Amino acid sequence: MASLSITARTANTIGQIKTQALVALVPDKKTLAPSLKALDKLLGGTITNAMKNGDFSSSLGSHHWLPGSAGVQRVLLIGCGDIGGQTVSSAKKLAETLARSLVSSQARDALVWTDGLTGKVRDASMLLEQIALQLTLAHYQYEHTLNQRKKPARPLKRVAVSPGNLCSLAEAKRSVAIGGATGQGANLTRELVNLPGNICTPKYLSGQARKLARMHSKLSVSVLNEQQMASLGMHSLLSVGNGSDQPSQLIVMKYQGASAKTRPYCLVGKGITFDTGGISLKPGGKMDEMKFDMGGAGSVFGALHAAAEMALPINIVGVIAAAENMPSGRATKPGDVVTSMSGKTIEVLNTDAEGRLVLCDALTYAARFEPIEVVDIATLTGAIIVALGHEATGIFSNDDHLANSLISAGERSHDRGWRFPIWDEYHRQLDSPFADLANIGAGGAGSITAACFLAQFAEDYKWAHLDIAGSAFRSAPKGATGRPVPLLIAYLRERAGHS
Ligand code: BES
Ligand code: MN
Ligand code: ZN
C-alpha cells in the first residue's frame, strides 16, 4: 500500500506558490475574499468567469478545475457553502469532493489553500481533520491480487495543507496528523477485509498482527493456538473451526500508551475469515461477500494502528477470535452441544450463527485484563441490515454511559451508530431444553437476540457490541469501508482525554 504524505505548512503569497494543484476553498459569499481576488487576477479572471457562466458555484459539494498560471499548474475550486454553519456532515461532504477530485487528477503534489475562508468557520480542526481523513481514504486502492495494468494510476504523492486564517500552524499540524492516522488505520482495515479468504486465513491474520507490532514499539502480540485454547476450555470458539483445514487462532495485541498498571480498554473482533455457514450452509448467491466476515477483526487492527500512530495515552488490548466456518465430516452439526470457556453449555441450533460462538469465548478471555470497558465489533447479523441498512452500525450495551459515548463518538466522526435494547424479554428466546442457552432465537429481532447471547458472557464488566454487518462493506462497488475505525478512534480519543 503506497501511502500519501499529508502535512500542514504556511503557504507563500499567491504569486510565489509553486504546486501542481492549488486547491482553493471558496465559501458561498456575495463577493470574493481579497486572497481569492488575487488568485483570480493571477489566473486572468477565470474564477469570476466560471462563476458567471455557471461552471462553478460556491455551494457545498461543487468543484471545478481551471488551468493554472506561473508556478501553479492547475487549480481546483471547491465550493464550501455556508462554512460558518458547518456541521461534521457538511465538512465531510466538502472533504470527500476535494479528495476524490484531487486523487483522480494527474497532479503529483498539491496545496490545499484555505486563505479564501475569511469569515467565521465553525470548527477548523474538524474541517482539517476531515480533509486529511478523506484524502487518505480516497487515495487507497486495492492492489494485492491485481496485475499492473489493472491498477488505476495514483500520481498524487504529497499534499500540503495551509491553515490560512483558520487556526495556528500547530493546531493544523495536529488535526492533519489525527485525520491522516485515522485514515491509515481505516485503510489497513480495508486492505485486510478486502483480501480473499484463500489469502486472509486465521494464520495470515496472526502474521499481520506480528507485523503491526514490529511497526509500533508500544505494541506487542501473542497468539494462542488450538491446543492452548482447548486447555483454556474454549470449546465454543473451537467448534466453529472444526470443519476447516485452517487452524483457529486467538490473537492478542497489547498497546501500552499508559503505565503498565493502568487498566486497559479492550476491543474484541470477530475474525471469521470465511463464513460458508457450515453445515447450515448459506445460499450460493453473494457468498463471496462472506470473506468480509472478519470486518470486526480488521477494525481492531485499524484502531490499534491509528491509536499507536497518535500515541494515545491509554492502554488498549485487542482480542481477535479468528476461524474459518466450513462444512465437512468433522464440522459441528445442528443440535451439537458445546461447552464454552465460561462453563455455560451452548446448543448449536444453526452453525451459521458462528460469530457469537467465537466471540463468547473471546469475551470470557477478555476479563483477565480487568478492562475498564470492552467493545466487541462484529459483522454479526444480516438482520442489522434489515433494520439500519448500510448507514449505521448497531450498538448494544449493558452500560448507558458507554452506549452514549459510542453514539456521540459516531456523531463526532460521522461514522454513526444507533442503539437497540437487550431486554430480559428477548433473552428468553435463547432458552434451550438441552443446554444453558441456544445459539439462535426464534421470535424475530435477530440482531438483538445475537447481542443478548453475547451479553451473557460479558456480565462482569462494562460492555458494548457493535454489529457492523451493514457498515463494514458495500456490495456495489464491492469493498470494505474501513468502518467503524473513525467511530472507535473518536471513542478512544475521548477516553484518552484528547479534545
Ligand atoms: N456473517 C453472518 C452475518 C452477515 C450477513 C454479515 C450478511 C454480513 C452480511 C453471520 O455469521 C450469519 O450468518 N448470521 C446469520 C444468523 C442466523 C443464522 C441466526 C444471519 O444473519 O442470517
Ligand atoms: Mn454465519
Ligand atoms: Zn458470520
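Predicted model: local features only at pLDDT ≥ 70, side-chain atom pairs only at ≥ 80, totals over all residues.
Visitor: How many of the 11 residues of helix 15 are buried?
Guide: 10 of them, so helix 15 (residues 485-495) is largely enclosed by the rest of the structure. Buried means under 20% relative accessible area, with exposed over 50% and partly exposed in between (1.4 Å probe, protein chains only). Helices are DSSP runs of H or I with at least four residues, strands are E runs of at least two, and both are numbered from the N terminus.

Visitor: Which ones are buried in helix 15?
Guide: Val485, Pro486, Leu487, Leu488, Ile489, Ala490, Tyr491, Leu492, Arg493 and Arg495.

Visitor: And what follows helix 15?
Guide: Gly497, with a positive phi near 80 degrees.

Visitor: On to the metals. What coordinates the zinc ion (ligand 3)?
Guide: Lys270 through NZ, Asp275 and Asp293 through OD, and Glu354 through OE, at 2.0 to 2.4 Å. Donors are N, O and S atoms within 2.8 Å of the metal (3.2 Å for Na, K and Ca); water is not among the atoms, so sites may look incomplete.

Visitor: What spacing do the donors follow along the chain?
Guide: For the zinc ion (ligand 3), K-x4-D-x17-D-x60-E. Asp275 belongs to strand 9 (residues 265-275) and Asp293 to the loop between strand 9 and helix 9 (295-310); the two are 18 residues apart, and the pair links distant parts of the chain.

Visitor: Are those two aspartates buried or exposed?
Guide: Asp275 counts as buried because its relative accessibility is 2%. Asp293 is buried too, at 2%.

Visitor: What does Asp275 bridge?
Guide: The zinc ion (ligand 3) and the manganese ion (ligand 2), which are 3.1 Å apart.

Visitor: How many residues surround ligand 1?
Guide: 17, and the closest are Lys282, Asp293, Asp352, Glu354 and Gly382. The cut-off is a heavy atom within 4 Å.

Visitor: Which atoms of Asp275 and Asp352 lie by its oxygens?
Guide: A polar side-chain atom in each case: for Asp275 it lies 2.9 Å from an oxygen atom of ligand 1, and for Asp352 the distance to an oxygen atom of ligand 1 is 2.8 Å.

Key: Residues numbered from 1 in each chain as written. Chains lettered and ligands numbered in written order. Heavy atoms only, no water. Polar contact = N/O pair within 3.5 Å; in protein donor to acceptor, adjacent residues only side chain to side chain.
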